[in-house]
Amino acid sequence: MSSLVRNIIRYVLFILLQVFILNEVPPLHQFIVPYIYFLFIIWLPFNINRLFLMVLAFVFGLTLDAFTGTPGLHAAPCVLIAFIRPVLLGLLIPQETTEQSYAEPSVKSMGLAPYSLYVVILTFVHHFYLVLIEWLQFGNFIYFLGKVAGTTAVSLLLIALAEMLFPRKRRYKTNAA
Amino acid sequence: MKNIFFFIRRYFGFLSFLLLQIAAIILLSNASKTHEAFFSAALNEATGDLNHRYSNLHSYFSLKETNRQLAEENARLRNMLAANFQAPDSSRKAVTDTTLRDTLGHYRKYTYLPARVIGNTVTLQTNFITLERGTLQGVKKGMAVIGPEGIVGVVVEASNNISRVMSLLHRNSKVSAMLKKDNYAGSIEWDGVNPYYLQLKNVSKSAKVNKGDTVLTSNYSANFPSHLMIGTVAAISADPSSNFYLIKVKTATNFFNLQYVNVIANARYAEQTALENTPSKNP
């Protein structure tokens, strides 16, 4: 399966999963909202054009917004993490070797510690910005702090589960392939 | 000039980031200003179609609960039938059906339009409900929506076949309400904490409120008929800084398994809102 087809399927699946399963989960608490859709942006290939990445993130966020009726609420944080992503990747991986030998960020391609750091930072930034926008519209400061902590914890748990359920065993790229 | 191009080229990534951010924020601020789901009718129809497919599947799992709700509503309505009230035999009843004006000179004010729920969220801070009934079937913006157990929300956007309802569980939702016992009015809002509880604000401290009292829609609302069930009082606290109570209300409607609702058309809605929104000419 080519990278393009795989990512198109992921796009659709992440939106459907978020809208029809996770958004339907009965809320345990005000602070706990399960978000995982932005894993799509985390998993995009290394060699994607920076501008295209941001436009793609914007469209992806708007697609989710179309279902929740909140235009721009999810698009803005998606664009932010798409903007930070290349910078973060540049800091965390030895550029020449990894980018040439693997297609996309994963535990295998980056190593456990750098990949975890990459996911934690992007998840935190996403939720921080998302809840900040929500907080500016309504709510108080305790709400802001609690919700950032709660949603980040739940998202990291979900991402860890996703990584374990779907180990993306991408073969080492060789010239022959 | 050359420097400008150089600058744009150098910071192209950052500038396009800013541009997209600004676009997102503008979309968001426009939408919350007008309290509306902003998206165009075409997009609404598209997501509505997907929602419809999903709800077809989903509705099987709550058939039992839906049946119970409808049976209870039927029983309640049967109890209100005129046939249950025995009057001395001198009375005569003229039955005319489906006319705008009955023989006593009453005009029909409210019409109930049944609609199916095909999309619903409860976990967000801004929750909307999608109905499969639109302008072609008589739904207009501003109409009230009630479920079998109590009120549900207000229509904020309607396309040809789909309409979007701002649920009571929306941070901007506001419905005029009153206590059933002594008719003290207040307004029902949601604080975003728990989808089982609403807030009843602006009820004067002279009202006698007890736990378990019924809260109904008031006479002051343009879209809701009066005396519709909203919920029951769950907790009462006196706001020390003002003259009002802050009352926690348990919703009568269970927002988790909404399947069928009624949209209420008020024949004089346009007239009333137009009059209320004209500024008074007298000094």
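I started with confidence in chain B: the mean pLDDT is 83, and 86% of the residues score at least 70. For my own notes, pLDDT is the predictor's confidence in each residue, from 0 to 100. This is a predicted model, where local features need pLDDT of at least 70, side-chain atom pairs count only at pLDDT 80 or more, and totals for chains, interfaces and linings use all residues. Residues are numbered from 1 along each chain as its sequence is written, while chains are lettered from A and ligands numbered from 1 in the order in which they are written.

Then I checked chain A, which averages a pLDDT of 85, with 90% of the residues at 70 or above. Its confidence is lowest in helix α5 (residues 95–101), at a mean of 63, and highest in helix α2 (residues 39–42), at 93. For the complex, the predictor gives an ipTM of 0.77 and a pTM of 0.73.

**Chain A, the record**

I looked up UniProt next. An unreviewed entry there places "transmembrane region" at residues 7–22, 28–46, 51–68, 115–136 and 142–166 of chain A. Residues 7–22 of chain A are 94% helix and 0% strand, with end C-alpha atoms 20 Å apart. Residues 51–68 of chain A come out as 100% helix and 0% strand, and their end C-alpha atoms lie 26 Å apart. Helices (H or I, at least four residues) and strands (E, at least two) are DSSP runs, numbered from the N terminus.

**Chain A, helix α4**

How far apart are the end C-alpha atoms of helix α4 (residues 75–92) of chain A? I got 25 Å, which agrees with the 26 Å that 18 residues should span at 1.5 Å a residue. The expected span is 1.5 Å times one less than the number of residues.

I also found a kink of about 30 degrees at A:R85, shortly before the proline A:P86. The bend is the angle between axes fitted to the seven residues ending at a residue and the seven starting there. A:R85 is also on the list of buried residues of α4(A), which includes A:C78, A:L80 and A:F83. Buried means 20 or more other C-beta atoms within 10 Å of a residue's own, exposed means 12 or fewer, and partly exposed is in between; C-beta atoms are placed from the backbone.

**Chain B**

I counted five helices and 12 strands in chain B. Of its 283 residues, 32% count as buried. Chain B is divided into domain 1 (41–78 + 109–170 + 258–266) and domain 2 (175–255), with bounds from an automatic or database domain assignment. The C-alpha centres of these two domains of chain B lie 23 Å apart. Their contact takes 20 residues from domain 1 and 20 residues from domain 2. Contact here means C-beta atoms, placed from the backbone, within 7 Å. On the domain 1 side, β5(B) gives the most, with four residues.

**Where the chains meet**

Here 31 residues of chain B are in contact with 28 residues of chain A. Which element gives the largest share of the side of chain B that touches chain A? It is α2(B), with 11 residues.

I picked B:L28, found in helix α2 of chain B. B:L28 is buried, because 23 other C-beta atoms lie within 10 Å. Not counting residues up to four places away in sequence, B:L28 touches A:P71, A:G72, A:L73 and A:I133.

Conventions
UniProt positions renumbered as here; feature names shortened; annotations may be inferred. Contact = placed C-beta atoms within 7 Å.
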